[in-house]
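Here are my notes on the side-chain contacts, written for someone new to reading structures. Keep the viewer open and click along as you go.

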Amino acid sequence: QITEALLKERDKQAKWNGIPLLLQKLYEHSHPNSDFSQCQSILKEISPLLSMEAMAFVTEDRKAAQESTFPNTYTFDLFGGVDLLVEILMRPTLITQKKKQKISDDLIKDCLSILYNTCICTEGVTRRLAERNDFVLFLFTLMTNKKTFLQTATLIEDILGVKKEMIQLDDIPNLASLVSSFDQQQLANFCRILAVTISELDTGSDDKHTLLAKNAQQKKNLGPSRAEINQATLLNIPGFIERLCKLATRKVSETTGTSSFLQELEEWYTWLDNALVLDALMRVANEEAEQSSTESSDESGLANTSTRTQLPQSMKIMHEIMYKLEVLYVLCVLLMGRQRNQVHKMIAEFKLIPGLNNLFDKLIWRKHSASALVLHGHNQNCDCSPDITLKIQFLRLLQSFSDHHENKYLLLNSQELNELSAISHKANIPEVDAVVNTDRSLVCDGKRGLLTRLLQVMKKEPAESSFRFWQARAVESFLRGTTSYADQMFLLKRGLLEHILYCIVDSECKSRDVLQSYFDLLGELMKFNIDAFKRFNKYINTDEKFQVFLNQINSSLVDSNMLVRCITLSLDRFENQSDAKVAEVLSECRLLSYMSQMSMRMSFLFRLINIIHVQTLTQENVSCLNTSLVILMLARRKEKLPFYLRTLQQMEYTEKYPGFILNNFHSLLRFWQQHYLNKDKDSTCLENSSCISFTYWKETVSILLSPDRTSPCAIVSYIDEAYMDIDRDFSEE
């Protein structure tokens, strides 16, 4: 509506670079009956003005960039450019006549590029687009076109990243045929987008949310969440999981020919987010080429050909790593979702595990080249290099794959499975059903299975490596569930116990996360296993070493309480066995002797109850409550419960603060009832890990909570009237 003259006059002063005039022309040429032929040349004039800014934004330090203004993209949006482009893109969907208007691929590409650049540079544009549901769903339909696929995918990813409400995959028109039209490369890129639609929005800090808040949230959400519905939608797409497994396990050499690959890289080059990656790729490729040219003493001609052949290979590897990352992430989320068993069956059938096993040395845990791909301004060990992210994603997948599931034996090869059977026969115990029932045609092949390969790299990992946590978690999940002597011996024979103790004691590991994962793993490895305690004693063979070990345990009981639980349970079982070997270890083992002292068990119990409160319980520290219960259940079995409670009361008096431990414990147990007696709660984990029936857990809690002040096993009997503080209700605050 503003006159051309006025726009021209203001243009110089306002430094608009002619953008408003160009937009006015674009508007005139894009009316409903136009053929869009002029639009393209106008966009070609606008585009460079915006892409220069976006380029600057991506390559400059982002912080500095946000402080500076981006006049061109801002002006473009101010004068309605964004809305106009959305309208042009969506125009064909509004026309009902037989003669559908066709927008050329190039025009679509230009529109998408400009929108993307504006999103990068100007606050709020991405959010505005995200609010337009019709536009977001329309973008998915553009993905059917190969030529505009990358642009569309990148824009969708940006928009979904800021969208307040998760989209429903069900709403995407013809989703199944859209997915089946993708080639494998597109499918991998599509996985990047899917990641946002199937992950719960705030799972990042799941362990940190208080259980009170989570329980309150669960009461509100009765039906499945959007993410869960989207997961189900994906599983219903025919062949979807099979294609993901193929993508995850294909070798680099199987990827498509170089020419289309390089052509795609050129497209990437114009596509900003990946410009950084590309620079890094180029650098590595050049370094590789230089290395090979210095190695070849021949004439320069040879060096040239080596550059030509070398260039794509390292890029191909990088490309493949970035694809696998996305695919493994999606598989991992699905493995942890509601349809877990269905996903497990498919993943086993499509041989994901043997496939990953074959890629382990060459791709997943490959030796880094000197320059080990690093993006600008990062060091090699920072968690954002694709190589590192792939390793972590792979370890997370292994963890969710073997956690409480009998398919975990697919991580071994046939000889290793035979070894498990042999261990059971030798020890004269029945074989685990899951081992007998494992389908041998689906297990790992080659000299080693995935689990043993993982142990090998775990032992070589440098002390301060961030992978240690994930490695320990993956191995621990293999041991979780009902304790299996054969599984433990399989790992003990491979020196795992000594490796863990070396890390905890000799390298005096400081990282809380790594320590916690090592303590948990040690607990699973040693539980009820007399050979493990014998090995422990052989390694921790001086009082100094044992003191360092105890200091590590005591430095944070939240991190070590699962190990304390394992030692307590094991000690109880060993004391009830009449076996000469067990008796010998019981008398010699420093750890068991230490735990058999009543004063030590009481000290642990007192501290475990003291470090948690109902308001601060999380998924991570609730285990302290269960460990304190285990100590008291074992006392109850020996009819010592009143003695333990009286001792706690005396300890309170010594601390000159009567009632503070027992009142707190009373509240914690009431919360325990609320939390674990919920119909959705899975109590089998508590049973499996402790070998104590859940009924006994429930009874013990009821006895402790009895209101009868004359009962010798009721907590209230040990709190003086004056100090009673147990009737408060929990609120979610």
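1. Start with the rings: F140, F149, F182 and F190 form one aromatic cluster. Rings of Phe, Tyr and Trp (for Trp, the six-membered ring) count as a pair if their centres lie within 6.5 Å; planes under 30 degrees apart are called stacked, over 60 edge-to-face, and the rest tilted. The structure holds 18 aromatic pairs.

2. Before you go further, a word on what you're looking at. This is a predicted model, in which local features need pLDDT of at least 70 and side-chain atom pairs count only at pLDDT 80 or more, while totals for chains, interfaces and linings use all residues. Residues are numbered from 1 along each chain as its sequence is written, and side-chain values use heavy atoms, with hydrogens and water left out.

3. How far apart are the ring centres of F606 and F660, and what is the angle between the planes? The centres are 6.1 Å apart and the planes are at 80 degrees, an edge-to-face pair. F606 sits in helix α34 (residues 598-610) and F660 in helix α37 (residues 660-676), so this pair links distant parts of the chain, 54 residues apart. Helices here are DSSP runs (H or I, at least four residues), numbered from the N terminus. F606 is buried at 8% relative accessibility, whereas F660 is partly exposed at 22%. The cut-offs: buried is under 20% relative accessible area, exposed is over 50%, and partly exposed is in between (1.4 Å probe, protein chains only).

4. Stay in α37 for another pair, W672 and Y676. Both residues lie in that helix, four residues apart, about one turn. Their ring centres are 5.1 Å apart with the planes at 35 degrees, so the pair counts as tilted. W672 is buried, with a relative accessible area of 1%, and Y676 is buried too, at 11%.

5. On to charges. Side chains of opposite charge can pair when their charged atoms come close. A salt bridge here is a side-chain nitrogen of Lys or Arg within 4 Å of a carboxyl oxygen of Asp or Glu. Searching the whole structure turns up 27 of them.

6. One to click on is K146 with D183, at 2.5 Å from N to O. K146 lies in the loop between α9 (133-142) and α10 (149-162), and D183 in the loop between α11 (175-181) and α12 (184-198), so the bridge ties together parts that are 37 residues apart in sequence. K146 is exposed at 53% relative accessibility, while D183 is partly exposed at 24%.

7. Next, look inside a helix. Are E320 and K324 buried or exposed? Both are buried. They form a salt bridge, with the closest N and O atoms 2.7 Å apart, and both lie in helix α18 (residues 300-335), four residues apart, about one turn of the helix.

8. Salt bridges can also join up: D403, R473, E476, R480 and D520 are linked in a network of them.

9. Finally, two places where a charge meets a ring. The charged end of K408 sits over the ring of F478, 5.2 Å from its centre. R637 lies over the face of Y696, at 5.8 Å from the ring centre. To count, NZ of Lys or CZ of Arg must be within 6 Å of the ring centre and within 35 degrees of the ring normal.

How values were computed. Helices (H or I, at least four residues) and strands (E, at least two) are DSSP runs, numbered from the N terminus.
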